Amino acid sequence: MNAAQAHVPAPDGGPVLRAERLGKAFGGVTVLSEVTLDIRPGEIHAIIGENGAGKSTLMRLLSGYLQPSDGELLMDGAPIRFHTPSHAQSVGIALVHQEILLAEALTVAENIFIGREIARFGRLDERAMREAAAAQLAAIGCSVSPRARVGDLSIANRQLVQIAKALLGTHRVVIFDEPTAVLTHEEVDPLLDIIRALKQRGVAILYISHRLDEVERLADRVTVLRDGRMVGTYEAEGLTPQRMASLMVGREFASLYPPKLEPELGEPALEIAHAHVPGFVNDVSLTLRKGEILGLAGMIGAGRTELFEGLLGLRPASFGEVRLHGRPVHFRSPAEAARAGLGYLTEDRKGKGLLLGERLAPNLTLAALDRVHPFARLDLAGEAQQLDRAVRSYDIRLRSRDARAGQLSGGNQQKLLLAKVMLNDPTVLVIDEPTRGIDIANKSQIYAFIQSLVREGRSCIVISSEMQELIGLCDRILVMRSGRINGELSGDAMSESNVALYATSSVARERALEENAHG
Amino acid sequence: MADVAAAPPRAQHNWSIGWGDAGPFLALAALVAIGYLINPDFLSANNIANVVTRSAFIAIIAIGATFVISSGGLDLSVGSMAAFITGVMILFMNTVAPSVGTAAIPLGMAVALVTGIACGLLNGTIVTVGRIEPFIATLGTMGIFRALITYMTDGGTVAIDRSLRDAYRPVYFGDVLGVPIPILVSLAVALVAAYVLYRTRYGRRCVAVGANEDVARYSGISVTRIRITAYVIQGACVAIAAICYVPRLGAATPTTGLLWELQVITAVVIGGTALRGGRGRVWGTVAGAVILEFIANLMVLSDFVSEYLVAAVQGVIIIIAMLIQRMSKR
């Protein structure tokens, strides 16, 4: 059996899989609606969109991980419902996950056949599995031994093993969910070749990616999603990354943001020179001036969060020099940074920001216990006053004083987290994803808070994956890509298409340098 | 039903929290009532004093364990550690007794305390600096302490010197205004512990580390220091328990404190402390230790179940307590 053999495409040349007005709602919240697209044999169909546009929901609907709440799926023109992922798999829909989901302690062959082991009379047929695995790997040009332990492989090779695993058995549609997200630049090209080879064999490919330059090189057609809706499907011929980016983001600005102040830029508040965070950040330097809101844009994984985790001593990092208000500093822990006047608001409010099962007052004062409680004994009355003050200043809405942090809405949790960090009275505040997963009203309040902090003479760095947020709020935007600063934007140049371009395309850097040289 | 729904959320909330925290005390009350029905002697002042005195060691050690467990750790070495500390203390007192007389006792107590703190420091350092799972780390030191006491006693017994025995006796058998000294000691330890856990910055940080290490670290808390301190508190508590225990036993043997870790963890969990950390209940732990001893006592006083099954009943109780914790979380 040649396990890597693809099925013959539908004889009439029509789409293998078609989504008809597909929609998905979770408990009344619609995350995807009215998506109609088809995937043809021998075609690479790319899906692009911002974070939260609905790409992964669509992919999960197509591969049986979710059931649609609206619309239907058609396979070879006939309606079909995937009850489970393995059902979708059995009719030929293979999904290559974004994360590498392999058991590191097992061998390559064991991983490829996990759950689908070949056995004879109940006894595992190791030899047959090894041979089939080797054929499977050879078919995608991967030279890894089936006996190798997955834990010993490079990330790129693990990715290939994962692809070989997905292609085991019938596969008429292969869905790649950001397959290059975990790869370095040099590892991308071989993978794209594998995908093209699959296409040559008549397999229909759905390719989801953030990286627009890859999409430009690879795709035949491109479907753009925005806010859970379809913008449209376009022929890739002649579709530039710039055009893709503006299709992804093209919407009007609401008055969500406070009017921009003309910043009276003072002395440098925070200067970082030559920051290295192994595996994440490569030689980043930046300067934040007093009274400035500096945006840090980039895709997830660009190294923005890791830069500041490194700065706070939360992960190994090295710096050429760091100065806070002109004084050289080196922080070994967030406590040291807080004492020096640098506050960091984590992007992971539930995992790293708040104790969800704890009451509000202990959450509020956790990072400032020494400040709120000058003696070892807790000053509970003082703490209650602090909570009152925070509730008033940050408009935290709560049903009861005894509520647990986990019972607050996302927006109120975020305000509580902001109040918590502000208790240490930082002069420089780094806010990582200030409005992730919170509603519009709270968003706009948080923007107003950030601006009022700056008006008080503090300085602020806002890390965000939402481009509009940065454009609406910041005085200047640095765009990071793959651990480096790929571009700097200010004034009218702060457009979504520019941010998207710098965040996704490596050519942008050179192009910008050229322009600078000429201008 | 409609009335309940109409009640202000705040009142409802308080009520449900009170119920959860009162659990161990209600269980204790129920147990006392059952005990009285089975055998009225159960409620005699004498019997109660006896049982509570016997529960004092487990209670004191379990109070220390409340810190370790609520900070997200675990200490399996407490039983062996108790035996080891007892051995070190007795050997030390016997050595110095000929020259300093009964002054050997307070000196021995100090040595016990220092030994306990050192043992806790060792456990805490292995767990935090060595980054080894508390289960494995303290399983290792459990073996080490047990082997050391066996080695020190040469596999036999090290008895306290005759010259000290009478002078030391009141620490276990004495009383103040009719209250046995071990009960007073465990009350004092519980009072201090409850203050530290509920009313100091350390206690707040300890529980925060157990609830979510990442949140604690990002909030600028030194997780390592908090964890080590919890193990040191545990070591000190084991030492205090050992100090009280010496007169009752009169000797250290390789089987001293065997399986105490099981009783200690059971007492902590019955008391409402979350085994995965983030919630500590000092008085609940004390109630848990008393419950365990009451059950053993009831089984002796009644003829329903063989007293050889005491450990089995205690095992069943820890499982039930965990199930209740699981269900009340939903």
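What radius of gyration would a compact globule of 519 residues have, and what does chain A have? The rule gives a value near 24 Å. Chain A has 25 Å, which agrees. The model examined here is predicted.

The overall build of chain A comes next. Its C-alpha atoms fill a box of roughly 75 × 60 × 45 Å along the principal axes. The chain holds 19 helices and 22 strands. Of its 519 residues, 46% count as buried.

One sheet of chain A is open and has 4 strands. Their order is β2-β1-β4-β5, and the pairing is antiparallel. Strands β2 (29-39) and β5 (78-80) of chain A form the edges, each pairing on one side only. Neighbouring strands of the sheet are turned by 30 degrees against each other on average, with direction ignored. Within the sheet, strand β1 (residues 17-26) and strand β4 (residues 70-75) of chain A are joined by 5 bridges. These two strands run antiparallel. A:Arg18 has A:Leu74 in β4(A) as its bridge partner.

Helix α1 (residues 55-62) of chain A lies across β1 and β2 of chain A. The helix runs at about 120 degrees to β1(A). A:Met59 is found in helix α1 of chain A. Is A:Met59 buried or exposed? A:Met59 has 21 C-beta neighbours inside 10 Å, so it counts as buried. The cut-off for burial is 20 or more. Leaving aside neighbours within four places in sequence, A:Met59 is in contact with A:Ile175, A:Asp177 and A:Ile208. A:Ile175 is 116 residues from A:Met59 in sequence. In space the two are 7.5 Å apart, C-alpha to C-alpha.

A:Ala134 is 11 residues away from A:Ser145 in sequence. The C-alpha atoms of A:Ser145 and A:Ala134 are 7.1 Å apart.

How many residues of β20(A) are buried? The count is 5 of the 5, so the strand is largely enclosed by the rest of the structure. In a regular strand the side chains alternate between the two faces of the sheet. In β20(A), A:Ser459, A:Ile461 and A:Ile463 point one way. A:Cys460 and A:Val462 point the other way. All are buried.

Two strands of chain A are joined to β20(A). Strand β15 (residues 293-297) of chain A is joined to β20(A) by 4 bridges, and the two run parallel. Here A:Ile293 has A:Cys460 as its bridge partner. Strand β19 (residues 428-432) of chain A is joined to β20(A) by 5 bridges, again with parallel strands. In this pair, A:Val430 has A:Ile461 as its bridge partner.

Chain B makes contact with chain A. The contact involves 21 residues of chain B and 24 residues of chain A. On the chain B side, α2 (9-38), α10 (201-211) and α11 (213-218) are the elements that give two or more residues. Helix α10(B) gives the most, with 6 residues. By type, this side of chain B divides into 6 nonpolar, 8 polar and 7 charged residues.

Helix α4 (residues 78-100) and helix α13 (residues 260-270) of chain B pack with their axes 6 Å apart. The angle is about 125 degrees. The two helices are therefore oblique to each other. On the α4(B) side, the contact is made by B:Val78, B:Gly79 and B:Ala82. These meet B:Trp260, B:Glu261 and B:Val264 in α13(B). The residues of this contact divide into 4 nonpolar, 1 polar and 1 charged.

Notes
Residues are numbered from 1 along each chain as its sequence is written. Chains are lettered from A and ligands numbered from 1 in the order in which they are written. This is a predicted model: local features need pLDDT of at least 70, side-chain atom pairs count only at pLDDT 80 or more; totals for chains, interfaces and linings use all residues. Axes are lines fitted to C-alpha atoms, for helices over the stretch in contact, and angles run from 0 to 180 degrees between N-to-C directions. Angles under 35 degrees count as roughly parallel, over 145 as roughly antiparallel, 65 to 115 as roughly perpendicular and the rest as oblique. Two residues are in contact if their C-beta atoms, placed from the backbone, lie within 7 Å. Ala, Val, Leu, Ile, Met, Phe, Trp, Tyr, Cys and Pro count as nonpolar, Asp, Glu, Lys and Arg as charged, and the others, Gly among them, as polar. A residue is buried if 20 or more other C-beta atoms lie within 10 Å of its own, exposed if 12 or fewer, and partly exposed in between; C-beta atoms are placed from the backbone. Two strands pair if DSSP finds at least two bridges between them. The radius of gyration is taken over C-alpha atoms; the globule rule is 2.2 Å times the number of residues to the power 0.38.
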